[in-house]
Amino acid sequence: MKSLKRFILVGAPASGKGTQSSFLSTTYDLKPLSTGALLRAEVAAGSPLGLEAKKYMDAAMFVPDEVVNGIVAQWLINNKESGCLLDGYPRTVAQAQTLDAELSKLGLAVDIVVYLNVSAELIEARMLRRKACPKCGETTRNGEELCPKCGAPMIVRTDDNPEAFAKRRKDYETLTLPVVDHYRAQGKVVQIDVTEEGEPEAVSARIAAAIEEYVKA
Ligand code: AMP
């Protein structure tokens, strides 16, 4: 039986990753790290890191590897005793190689990659209704004014306009999907195909079932 402590969640922008990240963290007792939410919080706080990251995020570009890799490596050191869930990282094969090397220095490795494969049509429809909380990172899909988690005013992400979204989608396909192949070659990928809009809980249940199979295999 495999022990699962280090998770990666991969999915296109607006694939429902945030919701499933909450589900996975609660169910498998994982500390979540969303690099996107962390960077947005830095931007909101106006920190030097936030000011640097904002230039890239507003242009729908990836923040440079050395910035993101450094943040994640330090976070992994601080949290090495806990189970963890990485959401939004690694976003390129180079980041995946760095992650593997950083974990290996700690005597650890990625245990499982949950790949949410959501159809392009669904993603486009969702993107138009999406808002994010600048304070706690929660995202919603129904245009809520206030964050259902912490009550802060919700914002439309500056990178959620159609042009920026198209760029992020393309980057996801060309740069991030190869990360799935990287871990598939290591036999660590659990893939969940989503083609119809439905309750997030139904997707969570399918993820849990697929993980159960993976653990037994
Ligand atoms: P997300 O919330 O995951 O969609 O991330 C929002 C934005 O943060 C991205 O469009 C990038 O500009 C930046 N970002 C988040 N994670 C990464 C990463 N692993 N590598 C580079 N940039 C990132």
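Trainee: What share of the 217 residues of the protein counts as buried?

Mentor: The figure is 45% of the 217 residues, where buried means under 20% relative accessible area, exposed over 50% and partly exposed in between (1.4 Å probe, protein chains only). Keep in mind that this is a predicted model: local features need pLDDT of at least 70, side-chain atom pairs count only at pLDDT 80 or more, and totals for chains, interfaces and linings use all residues. Residues are numbered from 1 along each chain as its sequence is written, and side-chain values use heavy atoms, with hydrogens and water left out.

Trainee: What do the contacts say about the fold?

Mentor: Look at sequence separation. Among contacts (heavy atoms within 4.5 Å) with a separation of 6 or more, 69% join residues 24 or more positions apart.

Trainee: Now a single helix. Which residues of α3 are buried, and which are exposed?

Mentor: Start with the general idea: an α-helix has 3.6 residues a turn, so residues three or four places apart point the same way. In α3, the buried ones are Gly50, Ala53 and Met57. They sit on the same side of α3 because they cover an arc of only 70 degrees around the axis, with the arc being that of the directions from the helix axis to the C-beta atoms.

Trainee: What covers the buried residues of α3?

Mentor: The cover includes α2.

Trainee: And what follows α3 in the chain?

Mentor: Alanine 60 does, and its phi is worth a look in your viewer: the angle is positive, near 55 degrees. Ala60 turns up again in the surroundings of aspartate 171.

Trainee: Where is aspartate 171, and why does it count as buried?

Mentor: Aspartate 171 belongs to helix α7, which spans residues 162-184. Its relative accessibility is 13%, so it counts as buried.

Trainee: What does aspartate 171 touch?

Mentor: Leave out residues up to four places away in sequence, and aspartate 171 touches Ala60, Phe62 and Thr176.

Definitions and conventions: Helices (H or I, at least four residues) and strands (E, at least two) are DSSP runs, numbered from the N terminus.
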